[in-house]
Amino acid sequence: MDFKNSETKTNLMRAFAGESQARNRYTFAASQAKKEKLYVIEQVFKYTAGQEKEHAEIFYNHLKEMAGETIMIDGGYPVDIADNVTQLLRYAQHNEYEEHDPVYKAFGDKAQEEGFPKIAASFHMIAGIEKVHGDRFGRFADLLEQNKLFVSNVETGWICLNCGYVYTGTQAPKQCPVCSHDQGYFIRLELSPFED
Ligand SMILES: [Fe+2]
Ligand SMILES: [Fe+2]
């Protein structure tokens, strides 16, 4: 199948549009988290926004053969506007799961069928990443809804994302005793991206 006449070419541009928008939505959501003094959630959104940029770039680079041309697409894109961060996490979770399955799975299968195995692999592997994103957003939304973001039923480690201080207890300190940053900077050690 000729790439220029393929559905895969259009799907790549749809995915590029979707990833680009997700990156912006998460950057906006990070600002909302900052307003709510939830530095941890701000970082989760920024971290994920960076990964969506990478996905966008991977899909975009697969379009190299179309350089200089314009690709027309249609697509549905969400209006995820809310002034509370828990709702934004839920919206994000929902969209990640949808990207995971059916959207990227179907795009991957189509690419395979049309004879573009490398592009199919990108869609299928990124589909897997979006599942992880959805799970992570959901986990933080759960913690916020249960008022457990800074409280644990069992003793656990809490790391200050500003200075690295680790406290062990059932609750994150109201204020970091080392750098004086407030509770919003603390994350459960096990959820810190740099720990197992
Ligand atoms: Fe993505
Ligand atoms: Fe994602």
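This is a predicted model: local features need pLDDT of at least 70, side-chain atom pairs count only at pLDDT 80 or more; totals for chains, interfaces and linings use all residues.

Q: Good to know. Which pattern does the protein follow along the sequence?

A: It reads α-α-α-α-β-β-β, with 4 helices and 3 strands. The C-alpha trace spans about 60 × 30 × 25 Å along its principal axes.

Q: And what share of the residues is buried?

A: Buried residues make up 45% of the 196 residues.

Q: Which residue bridges it and the iron ion (ligand 1)?

A: Glu-52 bridges the two iron ions, which lie 3.6 Å apart. Glu-52 sits in helix α2 (residues 39-61) and His-133 in helix α4 (residues 117-145), so to speak a link between distant parts of the chain, 81 residues apart.

Q: Are Glu-52 and His-133 buried or exposed?

A: Both Glu-52 and His-133 are buried.

Q: Let's stay with α2 and α4. At what angle do they pack?

A: The angle is about 170 degrees, and their axes are 12 Å apart. Angles over 145 degrees count as roughly antiparallel, and α2 and α4 are therefore roughly antiparallel to each other. Among the residues that meet there are Glu-52 and His-55 in α2, and Glu-130 and His-133 in α4.

Q: What else do the buried residues of α2 pack against?

A: Besides α4, they pack against α1, α3 and β3. Those buried residues include Val-44, Phe-45, Glu-52 and Phe-59.

Q: What span should α2 have, and what does the model give?

A: At 1.5 Å a residue, the 23 residues of α2 should span 33 Å, and the end C-alpha atoms are 33 Å apart, which agrees.

Q: Nice. Changing topic, how many residues does the largest nonpolar core have?

A: It has 32 residues, and Ile-41, Phe-45, Leu-89, Phe-140 and Leu-149 have the most contacts inside it. The elements that give two or more residues to this core are α1, α2, α3, α4, β1 and β3.

Q: What does Leu-149 touch?

A: Its partners include Leu-38, Ile-41, Phe-140, Trp-158 and Arg-188.

Q: And what lies apart from that core?

A: Another core of 17 residues, among them Leu-12, Phe-59, Phe-116 and Ile-119.

Technical notes
Residues are numbered from 1 along each chain as its sequence is written. Chains are lettered from A and ligands numbered from 1 in the order in which they are written. Side-chain values use heavy atoms; hydrogens and water are left out. Donors are N, O and S atoms within 2.8 Å of the metal (3.2 Å for Na, K and Ca); water is not among the atoms, so sites may look incomplete. Buried means under 20% relative accessible area, exposed over 50%, partly exposed in between (1.4 Å probe, protein chains only). A nonpolar core is a set of buried Ala, Val, Leu, Ile, Met, Phe, Trp, Tyr and Cys residues joined through side-chain atoms within 4.5 Å. Contact means heavy atoms within 4.5 Å. The expected span of a helix is 1.5 Å times one less than its number of residues. Axes are lines fitted to C-alpha atoms, for helices over the stretch in contact, and angles run from 0 to 180 degrees between N-to-C directions. Angles under 35 degrees count as roughly parallel, over 145 as roughly antiparallel, 65 to 115 as roughly perpendicular and the rest as oblique. Lists of a residue's contacts leave out its neighbours within four places in sequence.
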